[in-house]
Amino acid sequence: MQAFLVLFFIIFLFSSSISFSTALSDAEASLIARRQLLTIKENGGDLPDDVEYEMDIKVTFANSRLRRAYIALQAWKKAMYSDPFNTTGNWVGPEVCSYNGVFCAAALDDPSVSVVAGVDINEADIAGFLPVELGYLTDIALFHINSNRFCGIIPESFSKLTILHELDVSNNRFVGPFPKVVLSIPSLKYLDLRFNDFEGKLPPALFDKDLDALFLNDNRFYSNLPENFGNSPVSIVVLANNKFSGCIPKSIGKMGNTLNEINLLNNEFSG
């Protein structure tokens with residue numbers, strides 16, 4: 001019986017520590033967001049083109065693109081305030097292709113050059129924000145950070161990720177209006193913003209974008225759906241658990257050739 005109680009106590013402590021690590025109070029989230037805004041104000045939210053010559057880095061790289069990726073990833077690591085599973089523990093030194101969650105491949109425009117082609121740190125429970133320096137990852141095709149505790153906004157520098165195909169920032173603590181910067185990512189096909197704290201109206205331009213999958217559920221979006229809703233060529237769209245209202249636009253009939261699944265559960269539609 002005593003051994004059972006000891007085992008139960010150990011399990012309780014372990015489960016308590018896990019729940020604590022995944023919790024992030026509103027005050028903590030607000031503090032992280034303010035720190036992000038301060039860094040944006042310091043550099044104007046933009047990225048200098050001559051970063052390779054401005055920063056004094058004491059290590060060498062196989063090419064300038066890996067150097068820029070190193071700058072981006074080191075800035076991101078500094079913007080992380082909690083990494084309970086030590087996911088980024090090996091984000092040290094110039095070998096960025098060996099970093100946990102970082103994937104390299106041959107550059108699309110030059111197969112002889114190795115570049116950072118993707119980042120996937122899903123379910124790492126990391127708390128922090130996205131620095132503007134992530135705009136230096138111009139060779140990535142996917143950016144997956146779902147099920148973490150990132151706060152604040154998606155920086156405008158993401159517009160520089162011109163070959164980004166998949167953007168998944170779901171299940172975090174992002175705030176503010178719909179991140180219009182994603183509309184300027186030309187190659188984007190998969191957009192997942194679900195389970196965050198985005199709010200407000202959806203821009204009509206979202207439904208003129210050539211997306212294949214759109215997940216906006218479990219946020220705080222409201223208002224009517226734009227009349228051009230049916231222009232979207234998506235095969236799946238999920239808008240559940242928001243506060244959308246009014247009628248479903250008649251243009252939805254135009255989606256018959258592409259749409260396989262639509263979920264509008266738990267909104268305030270009428271008509």
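Me: What is the relative accessible area of Cys97, and how is such a value to be read?

Reply: Cys97 has a relative accessible area of 33%, so Cys97 is partly exposed. Buried means under 20% relative accessible area, exposed means over 50%, and partly exposed lies in between (1.4 Å probe, protein chains only). The model is predicted: local features need pLDDT of at least 70 and side-chain atom pairs count only at pLDDT 80 or more, while totals for chains, interfaces and linings use all residues. Residues are numbered from 1 along each chain as its sequence is written, and side-chain values use heavy atoms, with hydrogens and water left out.

Me: Which residue does a disulfide join to Cys97?

Reply: A disulfide is a pair of cysteine sulfur atoms within 2.5 Å. Here Cys97 is joined to Cys104, with an S to S distance of 2.0 Å. A search of the whole structure finds 1 disulfide. Cys104 is partly exposed, at 28% relative accessibility.

Me: Is Cys151 buried or exposed, and what is its bridge partner in strand 8?

Reply: Cys151 is buried, because its relative accessible area is 0%. Its bridge partner in strand 8 is Arg173. Helices (H or I, at least four residues) and strands (E, at least two) are DSSP runs, numbered from the N terminus. Two strands pair if DSSP finds at least two bridges between them. Strand 6 (residues 149-152) runs parallel to strand 4, with 2 bridges joining them; in strand 6, Phe150 is the bridge partner of Gly128. Strand 6 also pairs with strand 8 (residues 173-176) in the parallel sense, over 2 bridges.

Me: With which residues is Gln36 in contact?

Reply: Contact means heavy atoms within 4.5 Å. Leaving aside neighbours within four places in sequence, Gln36 is in contact with Phe129, Leu130, Cys151, Gly152, Ile153 and Pro155. Gln36 is found in helix 2 (residues 26-43) and counts as buried, at 1% relative accessibility.

Me: What is phi of Asp125 near, and where does Asp125 lie?

Reply: Most residues other than glycine have a negative phi. Phi of Asp125 is near 60 degrees, a positive value. Asp125 lies in the loop between strand 3 (110-120) and strand 4 (127-128), and is buried, at 6% relative accessibility. Asp218 also has a positive phi near 60 degrees; its place is in the loop between strand 11 (213-215) and strand 12 (220-224).
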